[in-house]
Amino acid sequence: MIWQWLLVAAALGTGLLPSDGHAREIARGLAAGLGAVMLGLLAFFAAEFGSGWSMWIAAAGTLLILVVVMLEDAPERARWSWLGDRAVSLVAVAVVVAHFVSPERITRGAGETPQWWGAMVVSAVCLCLFVVRVIEQRRDTRALIAFVLGAAATVLVVLDLGRAEVLRVYLPTLLVMLLLGIRPASGGPEFLAAARLSLVAGVLQGVADRGMANRDFSPFIIPYTMGHLILQLVAALLVAIAAYTAGRTRSPHD
């Protein structure tokens, strides 16, 4: 499975590359995005074919990688804001674990499962933190623009994937995309761009697998339409513009 080997390469790059280099930030971002994609795939395979010890070990290792790279080097912020960020991250981890145990439960009706309520809590807290981040960055126009562009990309991905028929695979992708959406642009444009683009790549792989290649069986279950393709490509474009804008903001200090 290509996603598994890409995740291993990204994790190795994160551990071996110099800590102050742009290449490591890119590797760390790829590890975050690919980790979310892999967790969704593992949950799907566990539901379809059973979850043996090897599946649990793979899921635990992937979740550990995701947690480490997401919590490392968080930007400085107010203490209560930092606590809110950590709290919502822990809720997201709990939802991902519960989703791996029973991935089909997220497709039930609204309010019927803990997974649904957990996802709603993450969404609500992220919305509140988004407002806080806007206020925190209001004096830095470029950073604010980069942050809003990244948040717009998050909204497009959530709109495209927030449907019951695809949540069974893409719930971890949505949760990580929401957590990335509340990170300030000062949190490292390379990390944010790599993480977001790898998440979008996982979604585009789903479009290609099910629609363009017309495969009968695919772990990515997005029915192909031009609308899906356009939404994800626009999201990728917004991510690239946000990274460029944030890089311009930071370049005078490099």
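These questions and answers cover a predicted model of one protein chain.

Visitor: How many helices and strands does the protein chain have?
Guide: From the N terminus on, the elements run α-α-α-α-α-α-α-α-α. Strands number 0, and the helix count is 9.

Visitor: Is serine 198 buried or exposed?
Guide: Serine 198 is found in helix α8, residues 189–212. Beyond four places away in sequence, serine 198 touches Trp3, Gly29, Leu30, Gly33, Leu34 and Val37. Buried means under 20% relative accessible area. Serine 198 has 5% relative accessibility, so it counts as buried.

Visitor: What is the volume of the largest cavity?
Guide: The model holds 2 cavities of 30 Å³ or more. Helices α6 (141–161), α8 and α9 (226–250) each supply at least two lining residues to the largest one. That lining divides into 10 nonpolar, no polar and 2 charged residues. Among its residues are Phe147, Arg183 and Arg196, and the volume is about 80 Å³.

Visitor: Which helix gives the most to the lining of the second largest cavity?
Guide: This cavity has a volume of about 50 Å³. Its lining includes Asp85, Arg86 and Ser89, and divides into 3 nonpolar, 1 polar and 3 charged residues. Helices α3 (53–71) and α4 (79–101) each supply at least two of the lining residues. With 3 residues, the top contributor is α4.

Conventions: Residues are numbered from 1 along each chain as its sequence is written. This is a predicted model: local features need pLDDT of at least 70, side-chain atom pairs count only at pLDDT 80 or more; totals for chains, interfaces and linings use all residues. Side-chain values use heavy atoms; hydrogens and water are left out. Helices (H or I, at least four residues) and strands (E, at least two) are DSSP runs, numbered from the N terminus. Buried means under 20% relative accessible area, exposed over 50%, partly exposed in between (1.4 Å probe, protein chains only). Contact means heavy atoms within 4.5 Å. On a 1 Å grid over the protein atoms alone, a cavity is a set of points where a 1.4 Å probe fits but cannot get out, and a pocket is an open set with protein on both sides within 12 Å along at least five of seven lines; lining residues have an atom within 4 Å of a point. Grid points are joined across faces, edges and corners, and a volume is the space filled by probe spheres set on the points. Ala, Val, Leu, Ile, Met, Phe, Trp, Tyr, Cys and Pro count as nonpolar, Asp, Glu, Lys and Arg as charged, and the others, Gly among them, as polar.
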